[in-house]
Amino acid sequence: MEVKATLKHLRIAPRKTRLVAGLIRGLEVNKALGQLKFLNKKSAGPILKLLQSAISSAVNNYDLDRNNLIIKEVRIEDGKTLRRWMPRAHGRATIIRKRMSHIYLTLSEIVDSGKKEAKKIKVEDPVKLDDLAKKPKSEKSEKISKKEKVAENKIDKSEKTEEKGVEVVDPRSLGKGKNSKIEGKSSAKSFAGKMFRRKSG
């Protein structure tokens, strides 16, 4: 039984990561973890995380024994290369290549226990999208009632103004033509006319 894990676009050069990969290739899992924890290399941290991820997937998904696992393969391939420029003498620009690496890790068993299928997680009472979309009727009825109340209040206000016989006149409509200012003697009678009257002279 084999378990695979990958790490892509690691911002460390492949030549540097291969130094660490060569130390743990073919080791048992527990010994490899000990090597990586105390290794003074930058690429040791990401490879340690990748190894822990592979171990946890082997134990949780396939019910494999942790002490029975060995690192079968650690393959490091070239990833993308970022190109940057550095100014040099005589106005020249020299290229700097920032290389990336892809790491492919494969674990296998020391004593083969046979092929096993991955665990399937059973979900009890799945929530349907239609149920989430439906809202309780009480909320809708409350919203409708609020809208109806607002409409009724507007109607009541209009009826009250008609009953009192008060005509609401916009003072801007009393001006001549399209002008918004009020002119003339007829507008001076109302309070609005006094406010908006244009002073002559």
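Student: What volume does the largest pocket have?
Tutor: About 200 Å³, in a predicted model. A pocket is an open set of points on a 1 Å grid over the protein atoms alone, where a 1.4 Å probe fits, with protein on both sides within 12 Å along at least five of seven lines. The volume is the space filled by probe spheres set on the points.

Student: Which element gives the largest share of its lining?
Tutor: Strand 3, with 3 residues. Lining residues have an atom within 4 Å of a point. Strand 3 (93-109) and helix 1 (14-24) each supply at least two; strands are DSSP E runs of at least two residues, helices H or I runs of at least four.

Student: How does the lining divide by class?
Tutor: 7 charged, 3 nonpolar and 1 polar. Charged means Asp, Glu, Lys and Arg; Ala, Val, Leu, Ile, Met, Phe, Trp, Tyr, Cys and Pro are nonpolar, and the others, Gly among them, polar.

Student: Switching to helices: at what angle do helix 2 and helix 3 cross?
Tutor: Roughly 155°, with the axes coming within 9 Å. The pair is therefore roughly antiparallel, the term for angles over 145 degrees.

Notes:
Residues are numbered from 1 along each chain as its sequence is written. This is a predicted model: local features need pLDDT of at least 70, side-chain atom pairs count only at pLDDT 80 or more; totals for chains, interfaces and linings use all residues. Side-chain values use heavy atoms; hydrogens and water are left out. Axes are lines fitted to C-alpha atoms, for helices over the stretch in contact, and angles run from 0 to 180 degrees between N-to-C directions. Angles under 35 degrees count as roughly parallel, over 145 as roughly antiparallel, 65 to 115 as roughly perpendicular and the rest as oblique.
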